[in-house]
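User: I am new to this structure and would like to learn how to read its features one at a time. Could you take me through them?

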Amino acid sequence: MTTFPGGCSVTRLFSYADGSAPHLHTVSTESYVVIGGTGTLQTLDMSGYRETPLAEGSTIWFTPGTIHRAVNHGDLRVIVVMSNAGLPEAGDAVMTFPPSIVADPERYRNAARLPTVSTRPGGAQPGGTSPGETRSDGKRNGEARGGEIERAVDARRALALEGFQQLIDGGPEALAVFYEHATALVRPNVDAWRGIVAEIVRKQTERTTAVLDALEAGDGRHLRDAALFGAPQSETAGWGMCGRLRTHDVHDPKGL
């Protein structure tokens with residue numbers, strides 16, 4: 001298995017000037033390694049609301065269920081390492097829209113969707129519809145421009161911030177209800193997610209177990225297969241919930 005160690009994904013994050021849209025992950029743990037600038041990480045869980053300073057050298061992580069929002073105080077740049085590579089891209093995140101939206105899967109999908117900018121034939125940026133699919137405004141994918149995307153990002157963030165403040169004000173009871181809605185939203189994806197985990201994460205664990213068994217038996221033949229790999233960075237920056245994203249392709253690394 002040649003994917004990134006631990007079945008993780010790696011993304012370079014350039015935080016939005018106005019901060020990110022608050023959201024949680026239902027399965028994956030997320031870590032921030034700050035490589036430049038300053039900011040604040042706002043989080044909410046059952047223990048309450050918290051603000052954690054971010055500066056070059058900060059390394060923090062948070063587990064599933066932690067609602068988080070990065071606030072950019074100046075050129076905040078982060079390397080994001082996510083567990084369960086493939087799940088975040090497959091819908092693991094749920095944004096903190098108001099209850100009436102989060103409780104309705106169709107309304108949630110419409111609120112979360114961004115118009116797609118296709119930079120290459122068949123290419124789609126994260127958060128959009130599938131290549132060639134007709135959007136709700138009647139356009140075809142690839143017709144959206146930067147200004148349209150930015151307006152949609154701003155509107156989505158504003159809606160998530162509205163719900164985030166309601167969760168802060170509502171305390172643990174409101175958060176528990178949000179968790180129930182988030183669970184219902186992602187439940188239809190679980191079967192597909194099991195396949196992703198089996199292909200990426202479980203295979204790494206099984207390989208490590210096999211290596212340990214071999215070493216215990218005095219067999220070091222796996223060392224002869226040593227190799228060097230690199231994960232290419234995406235050519236363009238996608239529009240994520242936290243900021244502009246430059247992803248590294250850990251699923252199809254290149255031999256060096």
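User: How do the residues of the lining of the largest cavity divide into nonpolar, polar and charged?

Analyst: As a general idea, rolling a probe the size of a water molecule over the atoms shows where empty space is left. The model here is a predicted one, and in it the count comes to one cavity of 30 Å³ or more, with about 30 Å³ of space inside. The lining is made up of Tyr-16, Ala-21, Val-153, Arg-156, Arg-157, Gly-240 and Met-241, and these residues divide into four nonpolar, one polar and two charged.

User: What does the chain come to in secondary structure, and what share of its residues counts as buried?

Analyst: The chain has four helices and eleven strands, and 39% of its 256 residues count as buried. Among contacts with a separation of 6 or more, 74% are accounted for by residues 24 or more positions apart. The chain exposes about 13,400 Å², of which carbon and sulfur atoms supply 53%.

User: Which residues have the most contacts inside the largest nonpolar core?

Analyst: A nonpolar core is read as a set of buried residues joined through their side-chain atoms. In this model the largest such core has 21 residues, and those with the most contacts inside it are Ile-67, Val-94, Met-95, Phe-97, Tyr-108 and Phe-178. At least two residues of this core come from each of β7 (93–95), α1 (99–102), α2 (105–112) and α3 (146–186), and the largest share, eight residues, is supplied by α3. Leaving out residues up to four places away in sequence, Phe-178 touches Leu-24, Ile-67, Val-94, Met-95, Thr-96, Phe-97, Val-102 and Leu-167. Apart from this core lies another, of 13 residues, which includes Leu-13, Tyr-32, Ile-60 and Met-82.

User: Why does Thr-11 count as buried?

Analyst: The step of reasoning needs a cut-off, since buried means under 20% relative accessible area. Thr-11 counts as buried because its relative accessibility is 13%. This residue lies in strand β1 (residues 9–15), and, leaving aside neighbours within four places in sequence, Thr-11 is in contact with Val-78, Ile-79, Val-80, Leu-245, Arg-246 and Thr-247.

User: Where is the place of Ser-58, and does Ser-58 count as buried or exposed?

Analyst: Ser-58 is found in the loop between β4 (48–55) and β5 (59–62), and its relative accessibility is 18%, so Ser-58 counts as buried. Not counting residues up to four places away in sequence, Ser-58 touches Tyr-32, Val-33, Val-34 and Pro-53.

Conventions:
Residues are numbered from 1 along each chain as its sequence is written. This is a predicted model: local features need pLDDT of at least 70, side-chain atom pairs count only at pLDDT 80 or more; totals for chains, interfaces and linings use all residues. Side-chain values use heavy atoms; hydrogens and water are left out. On a 1 Å grid over the protein atoms alone, a cavity is a set of points where a 1.4 Å probe fits but cannot get out, and a pocket is an open set with protein on both sides within 12 Å along at least five of seven lines; lining residues have an atom within 4 Å of a point. Grid points are joined across faces, edges and corners, and a volume is the space filled by probe spheres set on the points. Ala, Val, Leu, Ile, Met, Phe, Trp, Tyr, Cys and Pro count as nonpolar, Asp, Glu, Lys and Arg as charged, and the others, Gly among them, as polar. A nonpolar core is a set of buried Ala, Val, Leu, Ile, Met, Phe, Trp, Tyr and Cys residues joined through side-chain atoms within 4.5 Å. Buried means under 20% relative accessible area, exposed over 50%, partly exposed in between (1.4 Å probe, protein chains only). Contact means heavy atoms within 4.5 Å. Accessible areas come from the Shrake-Rupley method with a 1.4 Å probe; for residues, only the protein chains shown count as cover.
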